[in-house]
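Try each task before you read its solution.

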Amino acid sequence: MGIYLPIAELSVNVFVLLAMGAAVGFLSGMFGVGGGFLITPLLIFYNIPPAIAVATGANQVIASSFSGALAHFKRGTLDFKLGTVLLGGGILGSTVGIYVFSLLRDLGQLDLFISLLYVVLLGSVGGLMLVESVNAIRVSRGAGAPATLKRPGQHNWIHRLPLKMRFRASKLFVSVIPVIGLGAAIGFLSSIMGVGGGFIMVPALIYLLKVPTNVVVGTSLFQIIFVAAYTTIVHATANQTVDVVLAFVLMVGGVIGAQYGAKAGQKLRGEQLRALLALLVLAVALRLGFDLFVRPVTLFSLAGPDI
Amino acid sequence: MAAVATFVLGLAMLPAAAQDPRQTMNPESIQIGLSTDRVAITADFTGADLTIFGSLENADPLINRQGRYDVIVVLEGPSRSIVVRKKDRLLGMWINMESETFLNVPVSYSVATTRVPQDITDPNNYRQLALGAENLHIEPQDKEGNPATLKEFEQALRERKTALGLFNMRVGGVEFLSQSLFRASLPLGPNVPVGTHKARAFLFRNGVFIKENSAQLAIVKSGFEQSLARFASNHGFSYGILATLLAMLTGWLGRVLFRKD
């Protein structure tokens, strides 16, 4: 059944979109990620113009993050203070990102930049996660004890920066500079790639800031909701590239898929989940990298107000 | 649902001349009329066939019997400027490098003919009439540019438009229903541009161009799609806020419906 997207101005198959949303929702429920990093490339592979795919991806991320954050809010596994500081940085980064986004679009280099960012970020995050999780799997097999992510007592250069602030829920006393910097970096990526940025935020909070793992996901989701909301509103205002019909169909698929994904996720161990997620992230990076380096079928492309 | 809607765009039948045309020397002419001047794109739009009826006036019965009258119907979409970009290799990656801008390019261009174009008339005539996607006059923004490059980009523009289904041709898309009445059917793709389209009919007799007639057609988004698109472009900020609230509502509903904890 076809559905006409009023902003993208084209007709697409509603079942393909629902399946796409459900598949990504399944994975996001399973791994506890927003899934924006999968939705945007999938939409681009499905011939949705990249500008619309990115802005609509940000809109879709709100739904899945909101659903997840509610659960963490109920369990109290959410550090509001840390989330708010991250959010301040996020708004800053997102504003810069949206400006860069329209600049690149005018230069005709937006697709390239989006692909490059995806390849570099997904490739490095995926690679690191894979190494870490494979090691964890080996350790847990050898010793029989569950692997722990956090190594307390270890301090790095980040903990020597000035402007320190206390975050009670996270039992942290760190400088606000890396927190705002991290928020800004994620906000920038959110507006250019249409992702929530959880796949970078979560490891960065754990490994760089040493935030306890139990509050990491909730806090990350909390700030993603607001950054994605801000990104959506600014894209809608400045570029008119948010297609609610497209976003809504994806959300419906995503919400349903996420329920089954969460059930499937409970059957797997943490390090196995991380290894699988790493493989998935690497696969997306490879697919996008492949398009970048292999001679395209046609060298020419059209761009204009209505393409 | 692959249903293809058919919009019947009217019927302008005028009584065929009763007199012997060879005596009165009345020139042949062609008429097309649209019974509706708007086609609305609804939520379930997946493309459609557009049917245009038309009539031939003062036709010479002898030529008609020999089948030497030919009709070409063109539906030309609204014109926009368009950027054509070419990828080149840089550091092993394929990156958009050169670009050319063309002005007033019709977003879509559909052609229906009574038979294969080369059997109707010769290429020179098509060129003079600027008829057919390959003869469309495409104006580059940079008129002093290298002619070879411009030609290459112009060719690429036509090829990409054809690949996207926006430029297309239906040989046999025009059929004579009687001596004077014909029917043209043109495809409207799922990505048909909204705006004012121009339908033009060209009449040929024995390979000689006789007459042209045209009519206008507005393709618009239907009620909901139109209001939404207009809201998005006029009130982007409120639209963004509503899109955000809708996402939160969906996320919350999903939680309520599938509560796990």
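**Exercise 1.** Describe how helix α8 of chain A packs on helix α7 of chain B.

*Solution.* Start with the two quantities required: packed helices are described by the angle between their axes and the distance between those axes. Here α8(A) (residues 213-238) and α7(B) (residues 236-257) pack at about 145°, and their axes are 7 Å apart. Axes are lines fitted to C-alpha atoms over the stretch in contact, with angles from 0 to 180 degrees between N-to-C directions; helices are DSSP runs of H or I with at least four residues, strands are E runs of at least two, and both are numbered from the N terminus.

Next, list the residues in contact (C-beta atoms, placed from the backbone, within 7 Å). From α8(A) come A229(A), T232(A), I233(A), A236(A) and T237(A), while α7(B) gives G236(B), F237(B), Y239(B), G240(B), I241(B), A243(B) and T244(B). Finally, sort them by class: 7 are nonpolar, 5 polar and none charged. In this scheme Ala, Val, Leu, Ile, Met, Phe, Trp, Tyr, Cys and Pro are nonpolar, Asp, Glu, Lys and Arg charged, and the others, Gly among them, polar.

A word on the model: it is predicted, with local features needing pLDDT of at least 70 and side-chain atom pairs counting only at pLDDT 80 or more, while totals for chains, interfaces and linings use all residues. Residues are numbered from 1 along each chain as its sequence is written, and chains are lettered from A and ligands numbered from 1 in the order in which they are written.

**Exercise 2.** Widen the view to the contact between chain A and chain B.

*Solution.* First, count: 50 residues of chain A are in contact with 54 of chain B. Then take chain A's side by class, which gives 32 nonpolar, 15 polar and 3 charged residues. Last, look for strand pairing, which takes at least two DSSP bridges. β5(A) and β6(B) (residues 79-90) run antiparallel, joined by 4 bridges, and A303(A) stands opposite V83(B).

**Exercise 3.** Is S180(B) buried or exposed?

*Solution.* Locate S180(B) in the loop between β11 and β12 of chain B. S180(B) is buried because 23 other C-beta atoms lie within 10 Å; the cut-offs are 20 or more for buried, 12 or fewer for exposed, and partly exposed in between, with C-beta atoms placed from the backbone. Now check L56(B): its C-alpha is 4.7 Å from that of S180(B), although the two are 124 residues apart in sequence.

Key. Two residues are in contact if their C-beta atoms, placed from the backbone, lie within 7 Å.
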